[in-house]
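Me: Hi! Could you give me a close look at how the strands are put together here, and then at what lies around them?

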Amino acid sequence: MNIHEYQARDLLRAHGVPAPPGEVATTPDEAEAAARAVGGPVVVKAQVHTGGRGKAGGVKLAATPEEARAKAAAILGMDIKGFTVEKVLVAEAADIASEAYVGVIMDRDSRRAVFMVSREGGVDIEEVAATNPDAIRKLAVDPRYGLLPHQAYWLAASLYDDPAQQRACAKILRQLWAAFRDAGASLAEINPLITTPDGEVQAIDAKVTIDDNELFRRPKIEALRDTSSEPPSETRARDASLTYIKLDGDIGAVVNGAGLAMATMDLIKYYGGEPANFLDIGGSSNPQKVVDALGIITSDANVKVILFNIFGGITRCDDVANGIVEATRQIDMRVPLVIRLTGTNEEEGVAILEAAGLSAATSMDDVVQRAVAMAGGSD
Amino acid sequence: MAIFIDRDTRLVVQGITGRDGSFHAAQMIEYGTRVVAGVTPGKGGQSFDAAGASVPVFDTMDRAVEATGANTSVIYVPPAFAADAIMEAADAGIAFIVAITEGIPVQDMTRAYAYVRDRGSRLLGPNCPGALSPGKCKVGIMPGHITAEGAVGLVSRSGTLTYEVVWHLTRAGIGQTTCVGIGGDPIIGTSFIDCLEAFEADPDTRAVVMIGEIGGTDEQRAAEFVSGTMSKPVVGFIAGQTAPPGRRMGHAGAIISGSAGTAAEKIASFEQHGVGVARRPAEVADLVREVL
């Protein structure tokens with residue numbers, strides 16, 4: 001789960017990370033009041049779940065509260081890479097003497113959280129990693145001990161020459177680690193971590209990504225979710241415990257299992273069609289999930305045909321068939337269904353469908369080709 | 001021969017009285033797996049009866065291993081308790097621990113992985129379908145009837161996509177030594193390379209199928225291992241060519257971060273290192289027939 005910059009800032013500040021004062025605003029009036037409260041020149045920053053806000057014009061300096069109001073009016077409602085700006089952060093505009101990058105990310109290869117720090121701050125760390133890997137110092141954290149004081153100091157010493165700044169940075173790194181651990185994060189970064197002309201080390205921009213698997217035990221973090229930044233259909237899917245990602249095509253797909261769902265999307269494309277979504281109904285045998293899934297897909301106006309691809313393992317074909325029949329009773333389907341059912345309880349499933357006037361195939365290639373032809377996407 | 005599990009496997013089911021644990025324990029017994037014990041805290045002394053077998057239930061792993069000589073465990077414990085169940089199995093001296101549970105917090109897994117490694121056990125998963133050596137032993141949730149005994153090893157990050165490919169192999173008359181699902185999470189105990197190494201060493205395995213997906217670089221490093229170390233032919237398939245970047249595609253680990261972990265990158269790596277790449281799941285069987 002992504003959270004906004006202002007929320008990430010709050011998390012880090014709660015662990016003691018120094019950051020210039022700031023407030024979030026949803027209207028130009030609020031932005032003006034926030035600028036007045038902060039005092040002095042401010043920066044007005046769009047709060048959206050995507051990078052490249054500055055280049056898109058979503059980050060502006062304002063010398064006065066009146067100017068902050070005007071800049072907020074321009075940024076609020078702006079579209080940045082498909083996301084509408086609904087909130088801005090109004091923060092004190094800091095004087096910057098130097099910019100660094102510090103971050104901690106869950107690393108698959110070492111199976112540990114890894115710190116990365118670089119003197120090249122304010123830029124995309126992936127670019128630095130690709131073009132100048134020597135500019136990054138890395139450290140894998142032993143999960144049994146956390147980030148030890150001397151390790152934090154070793155990282156900080158690669159960023160600063162001044163002993164006071166090294167100590168300040170080492171402290172911030174340990175606070176960043178605590179925030180990462182306590183929030184159940186998979187990524188926490190400060191970019192840039194700046195020094196001011198009088199030598200203070202401060203966090204200017206923060207990004208935190210939460211591991212979705214942590215949310216069941218962290219209700220306060222879950223409450224930070226901003227559903228306005230995602231399509232309503234995805235919110236609805238999550239409430240129904242389905243994994244759904246909306247895409248731009250016209251062939252709706254209902255699949256059990258994430259790998260098979262991706263492979264189904266790929267096969268639609270292979271035969272010349274365009275998938276309308278990724279949807280994994282998971283491994284459970286609950287007919288209601290199928291009803292919910294069809295409700296979500298039929299609400300996508302682009303969808304011309306719905307393809308079921310079910311390989312029964314834990315999922316039982318008869319449960320899915322019952323769900324399909326139930327859904328056709330509850331929902332106006334408006335588009336044709338193409339169904340592939342094989343695996344556990346396949347015969348029972350096919351019998352249930354046939355009794356309701358539907359049919360099923362057993363080959364994935366066959367049903368995908370049929371769905372593509374019905375959507376008019378091939379030839 | 002087979003890898004990881006065979007007729008000598010003595011299995012304990014952690015969470016045997018739960019909804020998933022009891023269902024799959026029965027399925028495994030029916031398949032012929034030697035399920036020697038179950039563990040559910042607070043239910044020690046009961047027995048689990050299914051498919052004509054009566055399996056003793058213990059409160060702790062320590063007791064279960066002591067009483068039955070179990071050497072392998074499979075975990076169907078809810079996410080909040082699963083990492084501890086993994087560590088309990090390692091403490092009890094279990095050599096091969098299979099974690100089926102989906103949704104374990106990744107930070108829990110960093111601790112569990114280090115713990116298991118320190119004790120010299122092997123962890124498969126989590127968020128995986130387990131392993132199946134056709135005709136010998138099934139540990140996990142793979143449907144047994146789609147597999148057949150034979151000479152092809154299969155390793156995959158997916159569940160149902162694995163079944164799809166195995167089903168094509170079996171229908172094409174190509175049996176398997178062992179099918180292994182390594183799991184869809186970012187932090188997993190057993191990698192592609194671990195499985196490739198085991199298949200390379202298994203005298204009965206003549207070729208290997210490797211099924212990957214977007215996210216991470218495990219497939220790329222596995223491809224390097226194939227060209228650098230393996231004598232047996234390997235063919236593969238990568239899911240997620242149409243996946244949008246930055247979105248978690250169901251599996252917690254299936255995400256393209258920035259420009260890294262794309263299907264195109266993995267397919268190119270397979271091709272560069274001599275791993276034949278199927279364009280469709282059904283094509284895997286054709287490629288295997290060519291290399292056998």
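Reply: Happy to! Two strands count as paired if DSSP finds at least two bridges between them, and the strands are DSSP E runs of at least two residues, helices H or I runs of at least four, numbered from the N terminus. This is a predicted model, where local features need pLDDT of at least 70 and side-chain atom pairs pLDDT 80 or more, while totals for chains, interfaces and linings use all residues. Residues count from 1 along each chain as its sequence is written, with chains lettered from A and ligands numbered from 1 in the order in which they are written.

Let's start in chain A, where four strands make an open sheet, ordered 1-6-2-3 and paired antiparallel. Strand 1 (22-25) and strand 3 (59-62) of chain A are at the edges with a single partner strand each, so one side of each has no neighbour in the sheet. From one strand to the next, the twist averages 20 degrees. Strand 1 of chain A is joined by four bridges to strand 6 (residues 88-92) of chain A, and the two run antiparallel. Within that pairing, G22(A) has A91(A) of strand 6 as its bridge partner. Helix 3 (residues 65-75) of chain A packs on this sheet and touches strand 1, strand 2 (42-46), strand 3 and strand 6 of chain A. Helix 3 points at about 10 degrees to strand 2 of chain A (axes are lines fitted to C-alpha atoms, for helices over the stretch in contact; angles between N-to-C directions run from 0 to 180 degrees).

Now for a strand in chain B. Strand 12 (residues 207-213) of chain B has seven of its seven residues buried (20 or more other C-beta atoms within 10 Å of a residue's own). A207(B), V209(B), I211(B) and E213(B) are buried on one side, and V208(B), M210(B) and G212(B) on the other. Strand 10 (residues 149-156) of chain B pairs with strand 12 in the parallel sense over five bridges, with V152(B) opposite A207(B). Six bridges link strand 12 of chain B to strand 13 (residues 234-239) of chain B, also running parallel, and here V208(B) stands opposite V234(B).

Finally, the two chains meet: 43 residues of chain A are in contact with 45 of chain B (C-beta atoms, placed from the backbone, within 7 Å). The largest share of chain A's side, 11 residues, belongs to helix 9 of chain A. Among the other elements that supply at least two residues each are strand 8 (112-118) and helix 13 (364-375) of chain A.

Notes:
A residue is buried if 20 or more other C-beta atoms lie within 10 Å of its own, exposed if 12 or fewer, and partly exposed in between; C-beta atoms are placed from the backbone.
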